[in-house]
Amino acid sequence: MVWVDSYAPWVGVVVGLIGLLMAGFFVSNVMRKSPGNEKMQEISKAIQEGAMAFLNRQYRTLIPFVAVIFTGLLVLIGLSERGWEIGWKTAVSFLAGSVLSAVAGYIGMSVTTRANARTTEAARTSLNKALGVSFRGGAVMGLSVAALGLLGVAGLFLLFKDAEIINSFAFGASAIALFARVGGGIYTKAADVGADLVGKVEAGIPEDDPRNPAVIADNVGDNVGDTAGMGADLFESYAATAIAGMLIGAIFLTGNLWQGAALFIMIGVVGLLSSIAACFLVRTGEKANPQMALNRGLWGTNILTALGSLGLVFWLLPAEFEVEGLMVSPMRVFGAVVCGLLVNIAIGLITEHFTSSKRKPARSIAEASETGPATNIITGLSVGLKSTAAPVITICIATWASFELAGVYGIAVAAMAMLSTAGIIVAIDSFGPVADNAGGIAEMAELEPSVRETTDELDAVGNTTAAVAKGFAIGSAAITALALFHAFKGLAGLEVINILEPVTIIGVFIGAALPFLFSAYCMQAVSKAAFEMIAEVRRQFKEIPGLMEGKAKADYAACVDISTKAAIRQMIVPGLLAVGTPLLVALLLGKMALGGMLAGGTVSGFLMAIFMANAGGAWDNAKKFIEKGYKGGKGTPTHAAAVIGDTVGDPFKDTAGPSLNALIKVMGTISLIIAPFLINWDGLLAMLSAWLGQ
């Protein structure tokens, strides 16, 4: 037992390196494939350059922000009673989280934007080959996220031997994830809205028509949002969940920090190894459904993780230990692992039901489009609102069952089990943009129709997997927030968070309002950026002679530049709102109000995120259902209504909704960092009240 406890972090480091090596193997495998003809390579290069230019500019913009927080952590903690040694370790951990999150984004983006043309070329001969290239391109991002997360948590724990100190690693990842989600969401939707409203509705040309000036920016945006954005989001969830679990584990396992950390690190190890193994299960026949191949990978990961965790709990945990008066056995802890893995499956099935074009909710939106955009939007909103109930019930059942099995420790274990499968989830999600870009390249390079048919089949699967991945990210954010909430309570010295205290209720209301205000800024940012994009696309259609006849080339770079500048400019206010609000609440109202804010923000943010993601996904697939020839097909008023509904849904599902995941976790991680300072702090308003009372 002692040997395992001491060496578990070393195992985490080694397996993290193995994960990076496997990502490198997939890079090599993808890059050996043919990128196609000169035209395909030219288009792919334009997408790649646009994506990397956005990432470079985004990260350059974030350098001052990271530098200010790094300095603040160093100085504030150094000057406190905790001392300079804790200060520099906390600051370095924050910097490591920021840097590794950015590195994961660079790795994934650089490969997925190179895999697109190779997928198109593979689609000329085989569906299975095209699936293999696109999935392995996505797997680079997935394995990099899980491997760097495990490597960072285990490596810093080995270095500093304190989970409380390395919590700032999760905060660093949170900060990057927040801006990646917000900035990436603004970028992709500004381009998408401009391409759809002017190209499809006004000009009546196809989605990926090379005459559309916004088409390259739109393809870049797919990678920015669903590759870099999702990767940063789940990298942060992974780190935050592991560290919160380690803190909780140390409390209940006789105060032994090494023993408390061991299980959470080793569940991460098993999840990463399971994801690697499951990547080799993703293959399909020429007439088979690619969705089944991806499902095999997902189910394989969950089953292997469950089997591995069964061995871990008996190997690493004592025969019985106490958690807040409840006697817990290894089998009970394994039950909590199963709860976390079942949430993966349940939320995926629920999301698929409400967003798939093969199911009633999305088809009801298509039917409503026959009477115009107003009924399309009303029906889409109702579908999104209805879709919140089942995930809430799922999370409630999982939370109750995990708590009954192993108390607070069980909730933390369930969250870690869920996040341990992040490698395969991000791989499946990142597959989507590769397949989507491959279809766009086939259209712009004017390849034979059979190629587009193959890429469309992959793209249709990618739309479903993207919606499922968003559901996973939102569900994981909710369970991660519960673990962070309990860790905050312990670090802040709170026995209970009293809902009858007025200051707590104030915190709950502030927390519940924050996701609404945050979402408003995100949606407004998309509207402003899209306005610039629409104006530019209209200008080019009007001023470039021969563009609509296909005799002249659109200025793609101008649209890419508009999306990039707008995204960077508009992401600042939502980001500062997310970071600043918890600090202000803590300063003015104290730890009890901050606890209330975390509760209100988690519940409100979770519901808003589910509503927005599922409504947006359903609008999108309702439009695609019509484009397949149903309800009149393309070019009809019904199709125009569906395009407008999809345009409303775009910032729902790809900007505000996903960004709420990061908001929830930023609130939790920043609260953990400041919690030790709040043990004897009730807020400036309490001090003022006491002074006035005297």
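A residue counts as buried under 20% relative accessible area, as exposed over 50%, and as partly exposed in between. In this predicted model, R211 comes out at 22% relative accessibility, so R211 falls in the partly exposed class. Pairing R211 with K470 gives a sequence separation of 259 residues, and the C-alpha atoms of the two are 32 Å apart in space.

N614 is another story. With a relative accessibility of 3%, N614 counts as buried, because the cut-off for that class is under 20%. Its place is in helix α18, which covers residues 591-627. Setting aside neighbours within four places in sequence, N614 is in contact with T351, F354, T355 and S387. With S387 there is also a polar contact: the side chains of N614 and S387 are joined at 3.1 Å.

Back out on the surface, there is a nonpolar patch made up of L584, L587, L588, L684, L685, M687, L688, W691 and L692. Taken together, these residues have about 890 Å² of accessible area. Two helices, α17 (572-589) and α20 (684-693), each put in at least two residues of the patch. The largest share belongs to α20, with 6 residues. One of the patch members is L684, which lies in helix α20. L684 has a relative accessible area of 37%, so L684 is partly exposed.

Conventions
Residues numbered from 1 in each chain as written. Predicted model: local features only at pLDDT ≥ 70, side-chain atom pairs only at ≥ 80, totals over all residues. Heavy atoms only, no water. Helix = DSSP H or I, 4+ residues; strand = E, 2+ residues; numbered from the N terminus. Buried < 20%, exposed > 50% of the residue type's maximum accessible area, 1.4 Å probe, protein only. Polar contact = N/O pair within 3.5 Å; in protein donor to acceptor, adjacent residues only side chain to side chain. Contact = heavy atoms within 4.5 Å. Patch = residues over 30% accessible without salt bridge, like charges linked within 9 Å, V, L, I, M, F, W, Y side chains within 5 Å. Areas by Shrake-Rupley, 256 points an atom, 1.4 Å probe, with all protein chains shown as cover. Salt bridge = Lys/Arg side-chain N within 4 Å of Asp/Glu carboxyl O.
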